[in-house]
Amino acid sequence: TTTTADSDTITAATARLFELDYLGRFETSMQETDEIHLPDGAFSVPDGYWEGRCSRRNERDRMADLLETTGGDVAAHPVNPTARYAITDSKYFGLTSETRMVIEATVYSHLTQHASEGVDATPAGVDDLVAIVGEAVDEAADRTAPSLLGIASPTGWTNRVVGHVQDDELSRTHYGPHVSVCLIDLQRGDLIYDTTDSVVAENADLFERAVQADAVANCVDTLRSRYLEGLGRETLLLTAATEETGYDRHVVRQAFSRLEADDEGEVFSINEDGVAFEFR
């Protein structure tokens, strides 16, 4: 479970990396999966099936508006992107299609906070969850097909949300009769969902494959053994560490923060986009 106290501070640029990396891996996971579990049985995904059945959206325009006062660069800020995949059957000789299931992944950051402060350390809470799920519930009300939402938070989730999703007998994760929710804590690589909800339980691996569980902790160990005790390099560029260790950029950036928190050195910016770590 995630607690507010040990949530790491996430910079706007790191939140943007989380978005690109997680959504990119989720899309790979969807493209490579052979089977999706529908309430009425397993669906085998034919080759090339998703062409014309997947779409993307984001809140870039809203972020641009928020940044107008601060003059920040949208490219270096989160935009809360969503990737959506729909399983459909054609009807009436292919003239119309019926949706059998919708699967979406969203990476959700506090855009207002990132626009004004450039950083955020607050885990996503119940209000955030209700706002995101509310839209899906409204849309799902128009059809009988189930919707499976994966919502990933770079700052994790509050204990209240975790309890709400896992334990609350009244609400469970069914915010509507057709909406199932899987929360992803990108700081810790955890998936949080109601295990009694078969729609999410049987398809959770679609979101799980996109998470690098324990990646930050492993990266910290790698950086320590390789550079602190091994090569003895005093300054390590984020770009070099990413290239040499093979970890995603946001994972290395988080590892730098952990090392700094452990008083093993400090993170500093070299120029607009360059980050480096100086070992003690």
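Predicted model: local features only at pLDDT ≥ 70, side-chain atom pairs only at ≥ 80, totals over all residues.
Entry 1. Buried means under 20% relative accessible area, exposed means over 50%, and partly exposed lies in between (1.4 Å probe, protein chains only). Helices (H or I, at least four residues) and strands (E, at least two) are DSSP runs, numbered from the N terminus.

I noted the numbering and the limits of the model. Residues are numbered from 1 along each chain as its sequence is written. Local features need pLDDT of at least 70, side-chain atom pairs count only at pLDDT 80 or more, totals for chains, interfaces and linings use all residues, and side-chain values use heavy atoms, with hydrogens and water left out.

Entry 2. I then listed the contacts of F207, where contact means heavy atoms within 4.5 Å. Leaving aside neighbours within four places in sequence, F207 is in contact with residues including Y22, F26, I103, L148 and C182.

Entry 3. How do α1 and α10 cross? The axes of α1 and helix α10 (residues 249-261) come within 8 Å and cross at roughly 140°. Axes are lines fitted to C-alpha atoms, for helices over the stretch in contact, and angles run from 0 to 180 degrees between N-to-C directions. Angles under 35 degrees count as roughly parallel, over 145 as roughly antiparallel, 65 to 115 as roughly perpendicular and the rest as oblique. The two helices, α1 and α10, are therefore oblique to each other. The residues making the contact include L17, F18 and D21 of α1 and R249 and H250 of α10.

Entry 4. Is S147 buried or exposed? S147 lies in strand β8 and is buried, at 2% relative accessible area. Beyond its neighbours within four places in sequence, S147 is in contact with V102, A140, H178, V179 and S180.

Entry 5. I found P46 in the loop between β3 (41-44) and β4 (54-57). P46 is partly exposed, with a relative accessible area of 42%.
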